[in-house]
Amino acid sequence: MMNGQQKQKLFIIISAAFLIIGLGLAGYLLWPRPTWSDEEVAQLRSLWLGSLPALPNDPTNRYATDPAAAALGQKLFFDPRFSSNGEVSCSTCHKPELSFQDGTPLAHGVGVTNRRTMPLVGVAYNPWLFWDGRKDSLWAQALGPLESPVEHGGDRTQYAHLIAQYYRAEYEAIFGPLPDLSGLPAQAGPGAGPEAKAAWEAMAPEEREAVTRIFANMGKAIAAYERQLLPGASRFDQYVEAVLANDTEAMQSLMTPDEVAGLRLFIGEANCTQCHNGPRLTDNHFHNTGVPAAPGLPEDVGRALGAPQVVADEFNCLSQYSDAEPEDCAELRYMITEGHELTRQFKPPTLRNVDDRPPYMHAGQLATLEEVLEHYNSAPEAPAGHSELEPLNLSEAELDQLAAFLRTLSGPVEAEPQWLEPPIVANSR
Amino acid sequence: MSTVNQTTTFAETRQPRRFGRLFRWIGIGMAALVLLALVAFGAMVAWMNYVPADLDISTSLVTDNGLYRASYTPQYEPVPINQIQSWTLHLETEDGRPVEGAQIRVDGDMPQHGHGLPTRPQVTEYLGNGDYRVEGLKFHMPGWWIVEFDITADGQTDHVTFNLIL
């Protein structure tokens with residue numbers, strides 16, 4: 001049996017041992033690790049711009065890689081005559097100097113939309129277009145705003161006349177001869193106001209088809225132009241290259257410890273890569289993340305409405321205006337078309353250049369990156385449907401680190417300079 | 001002399017007892033802290049562990065009731081994420097004969113997430129020699145996926161689950 005003194009000493013020794021073990025473990029858990037594990041390096045590589053494959057062909061658009069179509073598409077993109085008031089072009093909301101978006105919660109054409117303008121850099125990699133994926137090709141997307149009463153506000157027959165009047169030579173060099181449009185009404189279209197709609201219904205089927213064909217070709221030219229807008233390397237990409245090269249000096253000079261900590265959270269505890277994965281930091285799929293309803297706007301159920309819309313779309317992959325064979329249309333044929341989980345699902349945009357593009361979410365509900373990160377941290381319930389988010393319980397400091405990391409994702413647009421400005425139009429207004 | 005000794009002895013017995021209790025509580029506190037740290041560490045490792053250990057990721061398996069051997073060949077290797085793709089599923093009986101005219105249902109999930117497949121893949125074509133084309137598969141996240149086939153042929157049904165780490 002030990003006496004008091006011996007017990008005392010034993011306690012001191014045991015306590016000291018536990019203290020050392022405890023401190024050691026705490027140190028291991030809490031000390032920031034300067035290196036990445038093999039699994040983490042694989043994740044970084046998957047987010048790296050170098051992992052972005054070459055732009056795939058679009059089988060629905062046989063003109064997608066035609067340089068003449070891209071040149072014509074650029075002219076159409078910047079031409080405000082293709083609108084009801086002569087003042088709205090694609091570039092009105094997709095401003096080249098703002099990463100091809102407009103920096104406002106909602107878009108302002110001839111009227112105001114219910115949703116945020118989406119960015120266009122790298123857009124050609126998207127299998128689905130719009131927040132709800134209601135279009136399944138880049139050219140079909142371009143046709144939506146052109147006939148939307150609050151965006152361009154015009155109609156396809158008006159646009160066919162404009163093509164004949166101002167772009168005949170260029171159009172015919174790409175798409176073949178224009179039909180004779182002289183007998184057609186000045187304005188007629190299926191989605192337009194009641195007069196234009198009545199005029200459209202009074203047209204013969206062959207006339208409607210001829211006009212729609214011109215309209216579809218406009219979209220294909222615009223898409224050929226938009227394919228030129230690709231993401232350039234950001235500081236994050238340079239950092240990943242340094243990691244892959246095991247160049248710790250370069251790593252340290254490229255990203256601060258806070259930014260690295262934010263990156264570690266991004267691929268780890270904060271679960272961001274569940275949706276923001278791949279080299280464009282989006283999975284191009286649909287998710288309900290409990291984004292709050294925008295006050296004053298009608299209910300927005302996202303993919304729940306977008307899915308049946310794309311299935312019924314006049315210009316989808318399986319339509320007569322698509323250049324694709326049915327076997328090229330796997331995304332459309334095997335998509336999930338219905339189900340409660342589609343309610344308020346939206347497509348995550350790319351996070352490249354995210355810092356340049358406040359406000360955020362489908363109606364610009366969150367004004368800053370800080371608000372976005374607060375949202376993900378607290379994971380509020382969705383106004384409808386079921387949010388995929390779980391509260392993250394990150395500290396303020398950790399949220400700041402995430403924001404710091406997100407800022408490293410900014411880079412230039414990778415495109416030849418002529419695509420980044422309005423074109424010089426020979427026979428302008 | 002003896003008085004001083006007694007005082008000293010008294011002092012020795014008083015203070016060491018107080019110290020003894022204090023050390024005891026420090027010791028218990030330290031032990032509890034270390035235990036807590038060990039538990040937290042273990043939980044963190046388990047949670048951060050993407051994949052269960054010893055997961056069978058082979059592309060060729062015998063079905064659950066032993067009726068068929070099922071193997072798949074993906075369209076792209078390694079299997080990419082965020083890319084719609086088709087697989088060829090090959091079915092044969094235990095004695096190596098190709099299974100013809102099977103009705104096959106496709107399903108799947110990420111067991112750690114429970115969101116199911118992001119698409120509705122289907123078996124669309126029999127290619128002969130026990131080969132079936134499975135179209136419309138897509139995996140939209142890295143991690144542990146399962147792809148399941150329910151196979152009915154000659155009035156019998158069986159099931160197989162393939163694991164993938166993407």
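In the predicted model, Gln122(B) has Glu135(B) in S6(B) as its bridge partner. In general, strands of a sheet pair through backbone hydrogen bonds, and the pairing may be parallel or antiparallel.

S5 and S6 are part of an open sheet in chain B, in which five strands follow the order S1-S2-S3-S6-S5. The pairing in this sheet is antiparallel.

S4(B) and strand S7 (residues 144–153) of chain B run antiparallel and are joined by seven bridges. Within this pairing, Ile104(B) stands opposite Ile151(B) in S7(B).

Taken along the sequence, the elements of chain B follow the pattern α-β-β-β-β-β-β-β-β. Chain B has 166 residues, of which 24% count as buried. Contacts in chain B between residues at least 6 apart in sequence were also examined, and 56% of them join residues at least 24 apart.

The buried residues of helix H6 (residues 156–166) of chain A are Arg156(A), Thr157(A), Gln158(A), Tyr159(A), Ala160(A), Ile163(A) and Tyr166(A). The cover over these buried residues of H6(A) includes helix H5 (138–147), helix H7 (168–175) and helix H9 (205–226) of chain A.

Two packed helices are described by the angle between their axes and by the distance between the axes. For H6(A) and H9(A), the axes come within 9 Å and cross at roughly 75 degrees. Angles of 65 to 115 degrees count as roughly perpendicular, and H6(A) and H9(A) are therefore roughly perpendicular to each other. On the H6(A) side, the contact involves Arg156(A), Thr157(A), Tyr159(A), Ala160(A) and Ile163(A). These residues meet Val211(A), Thr212(A), Ile214(A), Phe215(A) and Met218(A) in H9(A). The residues of this contact divide into seven nonpolar, two polar and one charged.

H7(A), which is included in the cover of the buried residues of H6(A), also packs against helix H3 (residues 67–77) of chain A. The axes of H3(A) and H7(A) are 10 Å apart, and the angle between the helices is about 145 degrees. Their crossing is left-handed. H3(A) contributes Ala68(A), Ala69(A) and Leu72(A) to the contact, while H7(A) contributes Glu170(A), Tyr171(A), Ala173(A) and Ile174(A). Six of the residues in the contact of H3(A) with H7(A) are nonpolar, none is polar and one is charged.

Val372(A) lies in helix H15 (residues 369–378) of chain A. With 23 other C-beta atoms within 10 Å, Val372(A) is buried, because the cut-off for a buried residue is 20 or more. Apart from its neighbours within four places in sequence, Val372(A) is in contact with Tyr360(A) and Leu366(A). Pro359(A) is 13 residues from Val372(A) along the chain, and the C-alpha atoms of these two residues are separated by 9.4 Å.

The contact between the two chains takes 29 residues from chain A and 27 residues from chain B. On the side of chain A that touches chain B, helix H1 (4–30) and helix H14 (330–333) of chain A are the elements that give two or more residues. H1(A) gives the most to this side, with 15 residues. The residues of the side of chain A that touches chain B divide into 13 nonpolar, 12 polar and four charged.

Technical notes: Residues are numbered from 1 along each chain as its sequence is written. Chains are lettered from A and ligands numbered from 1 in the order in which they are written. This is a predicted model: local features need pLDDT of at least 70, side-chain atom pairs count only at pLDDT 80 or more; totals for chains, interfaces and linings use all residues. Two strands pair if DSSP finds at least two bridges between them. Helices (H or I, at least four residues) and strands (E, at least two) are DSSP runs, numbered from the N terminus. A residue is buried if 20 or more other C-beta atoms lie within 10 Å of its own, exposed if 12 or fewer, and partly exposed in between; C-beta atoms are placed from the backbone. Two residues are in contact if their C-beta atoms, placed from the backbone, lie within 7 Å. Axes are lines fitted to C-alpha atoms, for helices over the stretch in contact, and angles run from 0 to 180 degrees between N-to-C directions. Angles under 35 degrees count as roughly parallel, over 145 as roughly antiparallel, 65 to 115 as roughly perpendicular and the rest as oblique. Ala, Val, Leu, Ile, Met, Phe, Trp, Tyr, Cys and Pro count as nonpolar, Asp, Glu, Lys and Arg as charged, and the others, Gly among them, as polar. A crossing is left-handed if the near helix is turned anticlockwise from the far one by less than a right angle, and right-handed if clockwise.
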